[in-house]
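Please open the structure in a viewer and keep the selection panel at hand.

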Amino acid sequence: MAELKLSETRDLTRIERIGAHSHIRGLGLDSSLEPRLVSEGMVGQKTARKAAGVILQMIKQGKIAGRAILLAGQPGTGKTAIAMGMAKSLGLETPFAMMAGSELFSLEMSKTEALKQAFRKAIGVRIKEETEIIEGEVVEVQIDRPASNGSVSKTGKLTLKSTDMETVYDLGSKMIEALGKQKIQSGDVIAIDKASGKISKLGRSFARSRDYDAMGPHTKFVQCPEGELQKRKEVVHCVTLHEIDVINSRTQGFLALFTGDTGEIRAEVREQIDTKVAEWREEGKAEIVPGVLFIDEVHMLDIECFSFLNRALENEMSPILIVATNRGITTIRGTNYKSPHGIPIDLLDRLLIITTQPYTEEEIRKILDIRSQEEDVEMNEEAKLLLTKIGVGTSLRYAIHLITAAALACQKRKGKVVELDDVKRVYALFQDVKRSTEYLMEYQSEYMFSEMPSKEEEGDEESDAMHS
Ligand SMILES: Nc1ncnc2c1ncn2[C@@H]1O[C@H](COP(=O)(O)OP(=O)(O)O)[C@@H](O)[C@H]1O
Ligand SMILES: [Mg+2]
């Protein structure tokens, strides 16, 4: 691996999977980091939002790396929502990688390899490159007839000019194809990247603004470039270490980035890349941008993973680690020991803990309002009121799910606005946890593998989850 391949990552766009949190557009803080009551899709949970905002500020200033934050609280109190809010407030250049603890057990690679990849997805590299480009107005594109001796490769000539000079370039078949694809013709102003041969059309020359036949309604006119045709330009690419890993590991290749099917990456590849990146940093060609790695449901990790995290946080290039859990005092996976949140004490010791609190009725109503808007569901007052009561009595998540279901019930009767009866109907149709449990208690003997705790054991279980 003499040269690292970077060019292929340039056009990558990152795909976000959100769904349940699509209404969250940030943390909803004002410029002095005070949380607004309702803003950017966020409602209430002010202390946690403010704390998250402070962390965010530190991340943006690049002050902290290798730190870890724990979001702890009951189910449905917005832990994941707050992490998403943080992700949205980070600039596009700061990488944010997210995974659920349980994902580690379903991947076709070792747990520590999966964690390693996750860490490297959360570390960005800003690479400055000087490239040579040729920028000019097309005077003429001339393509030679294929020679009669049967050779298929075409040749031709491209004449470009600036205000000061005019030069003729030889064209190979690749360039001819690229010019044809973009329908480049005389009068266009184009830029050619010398290294990759990539052609970009900048617009049409002002000098041609009177050739009406050669333009559409959206034609962009630009000046004919001045000075030399060849120029040096500095470009900045932002990629993650993981992207560089995948592209440079011979067994994977570029497409693996899209399928996510990256498999294990060999240690030598990573070592080489780290060395190369360190060299670039020394030469001033690259900067490390520590991003954020969010591990949801962190109690799903086992002791091996936790000790990996401990070590990874010590690394100089570590991202900020945010973990979330809804567990109270529970067993650490892979051991017989209990510990707060199921996290070993040595890792807990490194964590700044942000707790989330249950929502008030008013807050639940506001969140349901925002979700209805997000899902384009219109609901009358009565229906909203009932849904809020359901949210208070069961769980916020359950109530959010009923929005979609009630909207379908409404659609079925060809209504436009969700009414009380629609909510009642779906409430009867879909059980919440409480009712379902009551039902199970009553009929457990008729199910397979039922092992309801006896009364004495139940008290023990209580401490396992944070109950409301
Ligand atoms: N403060 C909030 N503002 C707006 N929406 C919220 C808020 N808290 C939670 N939600 C929404 O409620 C649902 C459940 O919250 P979630 O973040 O998944 O809870 P947790 O991760 O704590 O179990 C999600 O759809 C989430 O987007
Ligand atoms: Mg969650």
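**The whole chain**

Helices (H or I, at least four residues) and strands (E, at least two) are DSSP runs, numbered from the N terminus. The model is a predicted one, in which local features need pLDDT of at least 70 and side-chain atom pairs count only at pLDDT 80 or more, while totals for chains, interfaces and linings use all residues. Residues are numbered from 1 along each chain as its sequence is written, and chains are lettered from A and ligands numbered from 1 in the order in which they are written.

Of the 468 residues of the protein chain, 32% count as buried. A residue is buried if 20 or more other C-beta atoms lie within 10 Å of its own, exposed if 12 or fewer, and partly exposed in between, with C-beta atoms placed from the backbone. Among the contacts in the protein chain with a separation of 6 or more, 69% join residues 24 or more positions apart; two residues are in contact if their C-beta atoms, placed from the backbone, lie within 7 Å.

**First stop: ligand 1**

Select ligand 1 and the 21 residues around it, of which Val43, Gly78, Lys79, Thr80 and Ala81 come nearest. A residue is near a molecule if its C-beta atom, placed from the backbone, lies within 6 Å of it. Which elements give two or more residues to this shell? They are β2 (42-43), α2 (79-89) and α12 (396-412). The shell draws at least three residues from each of domain 1 (7-122 + 291-355) and domain 3 (361-445); these domain bounds come from an automatic or database domain assignment.

By class, the shell around ligand 1 has nine nonpolar, 10 polar and two charged residues. Here Ala, Val, Leu, Ile, Met, Phe, Trp, Tyr, Cys and Pro count as nonpolar, Asp, Glu, Lys and Arg as charged, and the others, Gly among them, as polar.

**Second stop: α1 against α2**

The axes of α1 and α2 come within 10 Å and cross at roughly 35°. Axes are lines fitted to C-alpha atoms, for helices over the stretch in contact, and angles run from 0 to 180 degrees between N-to-C directions. The crossing of α1 with α2 is right-handed; a crossing is left-handed if the near helix is turned anticlockwise from the far one by less than a right angle, and right-handed if clockwise. On the α1 side, Ala48, Arg49, Ala52 and Leu56 take part, and they meet Ile82, Gly85, Met86 and Ser89 of α2. These residues comprise five nonpolar, two polar and one charged.

Now select Gln45, in the loop between β2 and α1. Gln45 is not a glycine, yet its phi is positive, at about 50°. Most residues other than glycine have a negative phi. Gln45 counts as buried because it has 27 C-beta neighbours inside 10 Å.

Leu402, Ala405, Ala406, Ala409 and Cys410 of α12 make the contact with Asp422, Val423, Arg425, Val426 and Tyr427 of α13. That contact has eight nonpolar, no polar and two charged residues. The crossing of α12 and α13 is right-handed.

Select residues 111-121, helix α3. Eight of its 11 residues are buried, so α3 is largely enclosed by the rest of the structure. The buried residues are Ala114, Leu115, Lys116, Gln117, Ala118, Phe119, Arg120 and Lys121. They pack against several elements, including β5 (123-143), β11 (230-240) and α8 (303-314).

Select Val189 in strand β8 (residues 188-193). Is Val189 buried or exposed? It is buried, because 26 C-beta neighbours lie inside 10 Å. Val189 and Arg204 are 15 residues apart in sequence, and their C-alpha atoms are 5.5 Å apart in space.

Move to Lys194, in the loop between β8 and β9 (199-205). Lys194 is partly exposed, with 13 other C-beta atoms within 10 Å. Its C-alpha atom is separated by 5.4 Å from that of Ile133, 61 residues apart along the chain.

Finish at Lys183, in the loop between α4 (173-181) and β8. Lys183 is exposed, with 8 other C-beta atoms within 10 Å, and its phi is positive, near 50°.
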